[in-house]
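Colleague: I am new to this one. Please take me through it, and expect me to ask how you know.

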Amino acid sequence: MPLLGYLLIVVFGNLAQFLVSFVGKKLAIGLAAVAALTSLMVGMYAALSLVLNGIVAQVPNLPGAAIGIWVAVPDNLPACFSAILAADTTIALFRWSVKNLHMMLFPA
């Protein structure tokens, strides 16, 4: 009877150890992914805020400018184009980083 008790303790102990290590590993990977995506989102938000603040500073005070940037073509069109291209580049880099992170976490 003590041998059967020892066997049950060993079996359930090993099962509990496996479950803790498996769940712990998955939890650690999930937390790392959440932290990486959060840092990417904060970086993208900061970069786009800087770009949009640059656009707002360059838009002239015209009646048509309040409707949209393309309604009135401002004198500083190259600065507006460069800000728009910078925003597109930032979003492309963000999507590329998320895609690389997804490929790293879920290999095929």
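Modeller: One definition to begin with: contact means heavy atoms within 4.5 Å. By that test, the buried residues of H2 pack against H1. Bear in mind that this is a predicted model.

Colleague: What secondary structure does the protein chain have?

Modeller: Two helices and zero strands. H1 covers residues 2-58, and H2 covers 77-105.

Colleague: How do you know that the span of H1 agrees with its number of residues?

Modeller: H1 has 57 residues, which should span 84 Å at 1.5 Å a residue. The end C-alpha atoms of H1 are 83 Å apart, so the two values agree. H2 has 29 residues and reaches 42 Å from first C-alpha to last, close to the expected 42 Å.

Colleague: Why are H1 and H2 called roughly antiparallel?

Modeller: Their axes cross at roughly 175 degrees. Angles over 145 degrees count as roughly antiparallel. H1 and H2 are therefore roughly antiparallel to each other. The axes also come within 9 Å. Among the residues making the contact are Ile29, Leu40 and Gln58 of H1, and Ala79, Ile84 and Leu105 of H2.

Colleague: What makes isoleucine 55 buried?

Modeller: Buried means under 20% relative accessible area. Isoleucine 55 has 14% relative accessibility, so isoleucine 55 counts as buried. Isoleucine 55 lies in helix H1. Its C-alpha atom is 9.2 Å from that of phenylalanine 81, 26 residues apart along the chain.

Colleague: And valine 56, buried or exposed?

Modeller: Exposed, because valine 56 has 62% relative accessibility and the cut-off for exposed is over 50%. Valine 56 also lies in H1.

Colleague: Which residues are buried in each helix?

Modeller: In H1 they are Ala33, Met44, Leu48, Val51 and Ile55. These pack against H2. In H2 they are Cys80, Ala83, Ala87, Thr90, Phe94 and Leu101. Across the protein chain, 15% of the 108 residues count as buried.

Colleague: What makes up the largest nonpolar core?

Modeller: Seven residues: Met44, Leu48, Val51, Ile55, Ala83, Ala87 and Phe94. The largest share, four residues, comes from H1. Methionine 44 touches Thr90, Ile91 and Phe94, leaving aside residues up to four places away in sequence.

Colleague: How many aromatic pairs does a search of the whole structure find?

Modeller: One. Phenylalanine 18 and phenylalanine 22 form that pair, and the pair is stacked.

Colleague: Why is the pair called stacked?

Modeller: The centres of the two rings are 5.9 Å apart, and rings pair if their centres lie within 6.5 Å. The planes are 20 degrees apart. Phenylalanine 18 and phenylalanine 22 are four residues apart in H1, which means they are separated by about one helical turn.

Colleague: Why is phenylalanine 22 called partly exposed?

Modeller: Phenylalanine 22 has a relative accessible area of 42%. Buried means under 20% and exposed over 50%, so a value in between is partly exposed.

Methods
Residues are numbered from 1 along each chain as its sequence is written. This is a predicted model: local features need pLDDT of at least 70, side-chain atom pairs count only at pLDDT 80 or more; totals for chains, interfaces and linings use all residues. Side-chain values use heavy atoms; hydrogens and water are left out. Buried means under 20% relative accessible area, exposed over 50%, partly exposed in between (1.4 Å probe, protein chains only). The expected span of a helix is 1.5 Å times one less than its number of residues. Rings of Phe, Tyr and Trp (its six-membered ring) pair if their centres lie within 6.5 Å; planes under 30 degrees apart count as stacked, over 60 as edge-to-face and the rest as tilted. A nonpolar core is a set of buried Ala, Val, Leu, Ile, Met, Phe, Trp, Tyr and Cys residues joined through side-chain atoms within 4.5 Å. Axes are lines fitted to C-alpha atoms, for helices over the stretch in contact, and angles run from 0 to 180 degrees between N-to-C directions. Angles under 35 degrees count as roughly parallel, over 145 as roughly antiparallel, 65 to 115 as roughly perpendicular and the rest as oblique.
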